[in-house]
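This report concerns the nonpolar packing and the charged side-chain pairs of one protein model. The sequence and the structure are shown first.

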Amino acid sequence: MFDLGTLRAAPLRLAPGVQRPDDAGASLSPGQGRDRWLSPLAPFFLAALTAASTPAAAAAAGRPPYLPPAAALDTFQLEPGLRIELVAAEPLVIDPVAFAFDDQGRLYVVEARGYPDPIDGRRPASAEGRIALLDDTDGDGRFDRRHEFARDLHYPNGVAIWRNGIFVTDAPDILHLEDTNSDGVADRRRVVLTGFDTSKTTQLRVSHPTLGWDGMIYVAGGRAGGAVSSPLFPARPATPFSTSDGRFDPDTYEYEAVGGQGQFGLTFDAFGRRFTSSNRDPLRHVVLEPWHLARNPHLAVSNVMQDVARSGADAKVYRISQATVTADFMPRLMSTPHAGTFTSACSPLLFGGTALSAEHAGNLFVCESVQNLIQRQVLRPEGTSFRSEPPYTGREFLASRDVWFRPVFLAGGPDGALYVADMHRREIDHPQYVPEEMRGVLDFGGGKGTTGRIYRIRSADKQPSRPPAAEEVAGVVRELESADVWWRERARRVLWERRDPAAVPLLDRVARAAPRPESRAAALWVLRRLGGPAGATLAAALRDPDPRVREQAVLVAEDLPGGAETSRRLFELADDPDPRVRFVTALWLGNREDPRAADALARIALRDGDDPWSRAAVFSGIGSRMPEFLRAVSMAGAETGPAIAPVMEQLGRVLGTGGTMADRWRFVTQMLAGQEGFGWRLRAVLGLAEGLPAAARKRDHKRSLAELFGIETPAGRAALDRFLARAQQLAADDTAEPQIRSAAVALLGYTDLPSLEPIVGRLIDSRVDADLQLQAVRAVERLGHARGAEWLVQPQRWEHYTPQLREAVLGVLCSQPPMIETLFAAIRAGTVAPVDISSLRRGQLLKHAQPAIRKQAEAAFAHLEAGDRMKVYREYRDVLRLPGVPARGAAVFSRVCSACHTYGSRGGKVGPDLTGLRHQPADALLLHILVPNYEVAPDYQLATLTTADGRTLSGSVTAETDSSLTVRMASGNEETILRSVVRSLVTTGASLMPDGLEQSMTRAELADLVAYLKQPPEVP
């Protein structure tokens, strides 16, 4: 439903001395009717739009026309029972990308008028960004007065209220702006932090300053990095970071990196859990922080975020517009299919307002600006994290037929309603993400510096109202008990700003007795920043009937001294019925120098260890007490639970990486001695082998597994031999449980040739499960012997490999120099044809660190790699005139492309998913097939990693933390490597797909492949 009455034009009142938005002396007059919002703006405003945006001109150019506000409202489809209202539009607001309400109900609006920045990388001639301060002077719910609060900003994109002013993210800086004389214009401007990266496009900048539950201001890092310092504290060293989010103290400006990699989005739920988003990832929960993982340098964890919403090609949206999705048409964005899925997810909001319905409380709302919609999802707990799903399919919470509708920011207001910033552009993508030859087709300037809207969404049967903000301390504390999250957040901020001791007893009462658990939890955090809740208050919170309050109480207790009762209760929470309470208790226990901690951590591990986040929480805290933890796990006796196997495998891996030889000996002796639970004991010994330092398991075959484990006695060696014999039997047993059988095969890869050879011969067979075949191939790699490579290139095996298995085999053959020599020998013998070597592996060999290997690769692949690539492209363009046959192209795709790429439901996941390419021009497809380095997305650039034991991994780095990297290889397998064992990491910027693919197919087959990619895929 639309409230067309709200489109009555309001007078534009300008405060004395304040320039009009246009600086041209125009004004709006009352009573001009809803269709005359823009009429007073001619000629300066309409002239800019009319030239290209009248219906006739737009139609002639094939572009959607500009619609005035009344007409634009008619294009919306909104969830039934709700109403959308326009509260501000051009010229009152231009290019809004963020906003924040102050205590008086005024609206600070960030205007990114300079977006997009010049495509050639130059800085614009002038800084165009502004901050508008909007006011509703007559109380009718619509803004009618504008102050030019700040101007001459570069690319501002975020705002947060603090003390008597606002923080503004404007990379490379974060500013604090203040109006000291109450004239609506900032007259005090300070750079409080600087050093945020600006080398990438303006889409990749620090943004979303948001007050967290701990009193710190959190920011989305924009995946840009930097080295941040405060000019106000020049003696303080800069804080370098790569692509992570961050936080800073709003009073001292101390900055630190935090977990998460938000691009343009950051939100907290009603209990302070933090979430981010990025283009293809609508919502991700930040589960762990870097300081948790830093406690145990031997724990390899490279990802700290859980995908809460479906992501990538699974993140469906239902647009009703004809918007251009650049990934569908631009070769630069040949990745996962974008049309009909999230491609520009931003500004997630976990809504806590009261002006919608009760069922909307706690829901996720997230913008998809490219496809002109806002999606709603319902958030539900799932173990230690969360899961969200839309409540319906086939439609959206809000969608528009108007392609100019560009929702980029969401926030709740003091009236409980949902507010939307509409940047209002004909095109929203940055031109740098579009190939140069296509940039003239799209109108990136349409609406720039001239349009913008802000909407309010509320229940159709509720008229929202804003109560006055309290000033006295008791009234502010009462706001903490509000049903509306905006008022609770306002109360937290004001109480922290004032630091009034008189608030403490009032907050203590709220923490103990407030009806709402959200209020009780929030009061604990306010008290924490004011010096910490009293021991009795904290102890009561740790016994709160609501697990979400107990969870927050555990977090508040971190670093607080606490009394005996509090400490005893915290240890008891290791057995709490709620998984998230147990999870945060594990994090708390990891910092305790208390002999009881190992026992408590073991209980959590054996109960929740099948959950990777709980397992990481436990193992992050056992770095200095691994023997005690092992003893506690052993005494627990829970050998049949689902958690025991992953926990023991992880413990073995950590002991192998960071334990002493004596630790390893004790561990493996215990594993070999048991009679029951062979499956989990097998996993434990496998983990120990996998965790051995690279230097300890150099593949010189001079040390046996027994030596590496510290087994020195004949009885111990005999026990290991019996254990490995049983593993060999399991590996060959077709009736064994697949997971246990897979672990047995993996362990044999750390033994010797006689143990492994019969297993490889049995398992690398097209009739055997694909996962077991891959495990057998990896076992050959672990063995690291040239004889293993000879098994893999035997003619009777080589010619029967599937594309995915062949790529895995090639990954093994290219991983170590002795195996590479075997591969070249097979090429010279004619067993392996050069064209059989995938383009990815050819590139790896042609760029190898050893000159002798590069020389052999050049000789082997000379006829595949020769020639100027653009010349090859021009020579092959006549292929597009051939009558391609999609059915034949499917076979070509399977043979040549499917090892790395997915199309529909077929193929690998190393390179971009090609499912959405059918809309792209055929010559663009041909260009990127033949010239893969023409334009390369960062996520698909080739990285070559060499470990301390001489292994070489090539693929893309998919995740990283301070301690670990995860590399996805061409087979689709991922491996997480501790940074401490990485000898070198080289990222060239080149594509994972090297040149010369045309040598692996005929011209007719190339035409068939293009035709196949232009057809709708078969997706189950």
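The sections below treat the nonpolar cores and then the salt bridges.

The model is predicted. Its largest nonpolar core comprises 164 residues, and those with the most contacts inside it are Phe629 and Met648. The element that gives the most to this core is helix α19 (residues 678-691), which supplies eight residues. Apart from this core lies another one, of 44 residues, including Val87, Val109, Val110 and Val325.

The surroundings of Phe629 can be listed in detail. When residues up to four places away in sequence are not counted, Phe629 touches Ala598, Leu601, Ala602, Ala605, Val618, Phe619, Ile622 and Leu651.

Side chains of opposite charge can pair when their charged atoms come close. Across the whole structure, a search finds 62 salt bridges. One of them joins Glu148 to Arg130, with the closest N and O atoms 2.6 Å apart. Because Glu148 belongs to strand β6 (residues 145-153) and Arg130 to strand β5 (residues 129-135), the pair ties together parts that are 18 residues apart in sequence. Both Glu148 and Arg130 are buried.

A further salt bridge is formed by Asp249 and Arg529, whose closest N and O atoms are 3.1 Å apart. This pair links distant parts of the chain, 280 residues apart: Asp249 is in the loop between β15 (246-248) and β16 (255-257), and Arg529 is in helix α9 (residues 517-529). Buried means under 20% relative accessible area. Asp249 has a relative accessible area of 12% and is therefore buried. Arg529, at 15% relative accessibility, likewise counts as buried.

Arg509 is located in helix α8 (residues 503-513), while Glu481 is in the loop between α6 (473-479) and α7 (485-498), so the pair ties together parts that are 28 residues apart in sequence. Arg509 counts as partly exposed at 40% relative accessibility, and Glu481 is partly exposed with a relative accessible area of 22%.

How values were computed:
Residues numbered from 1 in each chain as written. Predicted model: local features only at pLDDT ≥ 70, side-chain atom pairs only at ≥ 80, totals over all residues. Heavy atoms only, no water. Core = buried A, V, L, I, M, F, W, Y, C linked by side-chain atoms within 4.5 Å. Buried < 20%, exposed > 50% of the residue type's maximum accessible area, 1.4 Å probe, protein only. Helix = DSSP H or I, 4+ residues; strand = E, 2+ residues; numbered from the N terminus. Contact = heavy atoms within 4.5 Å. Salt bridge = Lys/Arg side-chain N within 4 Å of Asp/Glu carboxyl O.
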